[in-house]
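Reader: I should like to learn how to read a model of this kind. May we take it feature by feature?

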Amino acid sequence: REGTEHCTVIFNTFIWMQIFNQFNARKVYGEANCLEGIWSRSKSFLWVMAIIVGFQIFAVEVAGPFMKTTPLRWSQWLGCLGFAVIEIPLGFAIRALPIAEYRPKPGDGASVEADKHAELEAMLGSFVQTTLVPPPLPAENFAGTELQVAFRRRDP
């Protein structure tokens, strides 16, 4: 039982860290507050999180033989949650780091992949522009059509 309990605590903590990291993942452009707008704009996110949390509780407390877990005491649950909630301030600290966007330039030797991509783009660039992208149609082809009328309505 002791080995199973230990593994259950590690499993439970890991899953809860993933759950809290999902809150951090909501903000991908460096916004400071990962919880901003959670109640007003993220109802579907909250439903998904509720299902995940419910399944995690079920997996640990009820599905023991199937999931190879054992029910935990309240102190163990609080320990798992207390350790896992560190994801929220850790995500804030990572978003607060002043990191400039890095893009390797072709030929600087920093990235073989960037060099290969640039070479392929140079080789296929003119092919893609002339073959795959059709030339724009003249405006007179749309004279009197519904498309032309729709554009006229928008003009002041």
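Author: Let us begin with Lys68, which lies in the loop between H3 and H4; helices (H or I, at least four residues) and strands (E, at least two) are DSSP runs, numbered from the N terminus. This is a predicted model, in which local features need pLDDT of at least 70 and side-chain atom pairs count only at pLDDT 80 or more, while totals for chains, interfaces and linings use all residues. Residues are numbered from 1 along each chain as its sequence is written, and side-chain values use heavy atoms, with hydrogens and water left out.

Reader: What is the phi of Lys68?

Author: Most residues other than glycine have a negative phi. Lys68, although not a glycine, has a positive phi of about 60°.

Reader: Is Lys68 buried or exposed?

Author: Buried means under 20% relative accessible area, exposed over 50%, and partly exposed in between (1.4 Å probe, protein chains only). Lys68 is exposed because its relative accessible area is 68%.

Reader: How is confidence expressed, and where in the protein is it lowest and highest?

Author: The score is pLDDT, the predictor's confidence in each residue, from 0 to 100. The protein averages a pLDDT of 78, and 63% of the residues score at least 70. Confidence is lowest in helix H7 (residues 146-154), with a mean of 50, and highest in H4, with 96. Where pLDDT is low, the predicted coordinates should not be read in detail.

Reader: How many helices and strands does the protein have?

Author: There are 7 helices and 0 strands. From the N terminus on, the elements run α-α-α-α-α-α-α. Of the 156 residues in the protein, 22% are buried.

Reader: Which residues does Thr69 contact, leaving aside its neighbours within four places in sequence?

Author: Contact means heavy atoms within 4.5 Å. With those neighbours left aside, Thr69 is in contact with Thr4, Thr8, Phe11, Ala59, Val60, Ala63 and Gly64. Thr69 is found in the loop between helix H3 (64-67) and helix H4 (74-84), and Thr69 counts as buried because its relative accessible area is 9%. Under the same exclusion of neighbours within four places, Ala63 is in contact with Phe58, Lys68 and Thr69.

Reader: Which backbone oxygen does the side chain of Thr69 reach?

Author: A polar contact is a pair of N or O atoms within 3.5 Å; within protein, one must be able to donate a hydrogen and the other to accept it, and residues adjacent in sequence count only if both atoms are side-chain atoms. The side chain of Thr69 reaches the backbone oxygen of Ala59 at 2.8 Å. A further example is Thr13, placed in helix H1 (residues 2-25): a polar atom of its side chain lies 2.8 Å from the backbone oxygen of Val9. Thr13 is buried because its relative accessibility is 11%. Leaving aside neighbours within four places in sequence, Thr13 is in contact with Cys80, Phe83 and Ala84.

Reader: How many aromatic pairs does the structure hold?

Author: Rings of Phe, Tyr and Trp (its six-membered ring) pair if their centres lie within 6.5 Å; planes under 30 degrees apart count as stacked, over 60 as edge-to-face and the rest as tilted. The structure holds 4 aromatic pairs. Among them, Trp16 and Trp77 are edge-to-face, at 6.5 Å centre to centre with 80° between the planes. This pair links distant parts of the chain, with Trp16 in helix H1 and Trp77 in helix H4, 61 residues apart. Both Trp16 and Trp77 are buried. Another edge-to-face pair is that of Phe23 and Phe45, at 5.2 Å centre to centre with 90° between the planes. Phe23 lies in helix H1 and Phe45 in helix H2 (residues 43-61), so this pair ties together parts that are 22 residues apart in sequence. Phe23 is buried, with a relative accessible area of 14%, and Phe45 is buried at 17%. Trp16, Phe20 and Trp77 form one aromatic cluster.

Reader: Which residues of helix H5 are buried?

Author: An α-helix has 3.6 residues a turn, so residues three or four places apart point the same way. In helix H5 (residues 87-96), the buried residues are Glu87, Ile88, Gly91 and Arg95. Seen down the axis of H5, these fall within an arc of 100°, so they line one face of the helix; the arc is that of the directions from the helix axis to the C-beta atoms.
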